[in-house]
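I opened my notebook for a friendly look through this one. Here is what I looked up, entry by entry.

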Amino acid sequence: GENVFMAAMGGRSLRATGEAIYGSGVQSMGERDEDHTKILDKVMHAFEQNGERTFEVRKELFKDVGGHAIWRVLMRKTSNF
């Protein structure tokens, strides 16, 4: 378990380390900061064609990360693409 007293002993708990790395804690799950929202908007815009979101528009973006086909499967299973 987490030793919440690590900070008092000169160290840092695993939770505090995670919050420092990710910039938010588990208490704020689901909340998005302004930077996250801007990035998400840009990514979603990259997949829009004629006002509709489609994963088929920018297949070349996936060339260096396993290819479009495997990402299409992931997106279909995890989102509303």
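**Surface.** I began with the accessible surface of the protein chain, which comes to about 6900 Å²; carbon and sulfur atoms hold 54% of that. These areas come from the Shrake-Rupley method with a 1.4 Å probe, and for residues only the protein chains shown count as cover.

**Ground rules.** I noted that this is a predicted model, where local features need pLDDT of at least 70, side-chain atom pairs count only at pLDDT 80 or more, and totals for chains, interfaces and linings use all residues. Residues are numbered from 1 along each chain as its sequence is written, and side-chain values use heavy atoms, with hydrogens and water left out.

**Layout.** I found 3 helices and 2 strands in the protein chain, in the order α-α-β-β-α from the N terminus. Both kinds of element are DSSP runs numbered from the N terminus: helices are H or I with at least four residues, strands E with at least two.

**Burial.** I looked up how much of the chain is buried: 14% of its 81 residues. Buried means under 20% relative accessible area, exposed over 50%, and partly exposed in between (1.4 Å probe, protein chains only).

**Core.** Which residues form the largest nonpolar core? I wrote down 5 of them: A46, F47, F55, F62 and M75. Such a core is a set of buried Ala, Val, Leu, Ile, Met, Phe, Trp, Tyr and Cys residues joined through side-chain atoms within 4.5 Å. Beyond its neighbours within four places in sequence, A46 is in contact (heavy atoms within 4.5 Å) with V57 and R58.

**Contact range.** I also checked contacts between residues at least 6 apart in sequence, and 14% of them join residues at least 24 apart.

**Helix α3.** I then went through this helix, residues 68-78. H68 lies in it and counts as buried because its relative accessibility is 9%. Setting aside neighbours within four places in sequence, H68 touches F55, E56, K59 and F62. R72 is in helix α3 too, but is partly exposed at 25%. The C-alpha atoms of R72 and F55 are 7.0 Å apart, although 17 residues separate them along the chain.

**Nonpolar patch.** L74, also in helix α3, is partly exposed with a relative accessible area of 38%. I found L74 in a nonpolar surface patch of about 350 Å², together with V65, I70 and W71. Patch residues have over 30% relative accessible area and no salt bridge; like charges are joined within 9 Å, and nonpolar side chains (Val, Leu, Ile, Met, Phe, Trp, Tyr) within 5 Å.

**Aromatic pair.** I found 1 aromatic pair in the structure. The ring centres of F62 and W71 are 6.0 Å apart and their planes lie at 35°, so the pair is tilted. Rings of Phe, Tyr and Trp (its six-membered ring) pair if their centres lie within 6.5 Å; planes under 30 degrees apart count as stacked, over 60 as edge-to-face and the rest as tilted. F62 is buried at 8%, whereas W71 is partly exposed at 30%.

**Salt bridge.** How many salt bridges does the whole structure hold? My search gave 1, between the side chains of E34 and K38 (3.3 Å, N to O). The term needs a side-chain nitrogen of Lys or Arg within 4 Å of a carboxyl oxygen of Asp or Glu. Both residues lie in helix α2 (residues 34-46), 4 residues apart, about one turn of the helix. E34 is exposed at 56%, and K38 is partly exposed at 45%.
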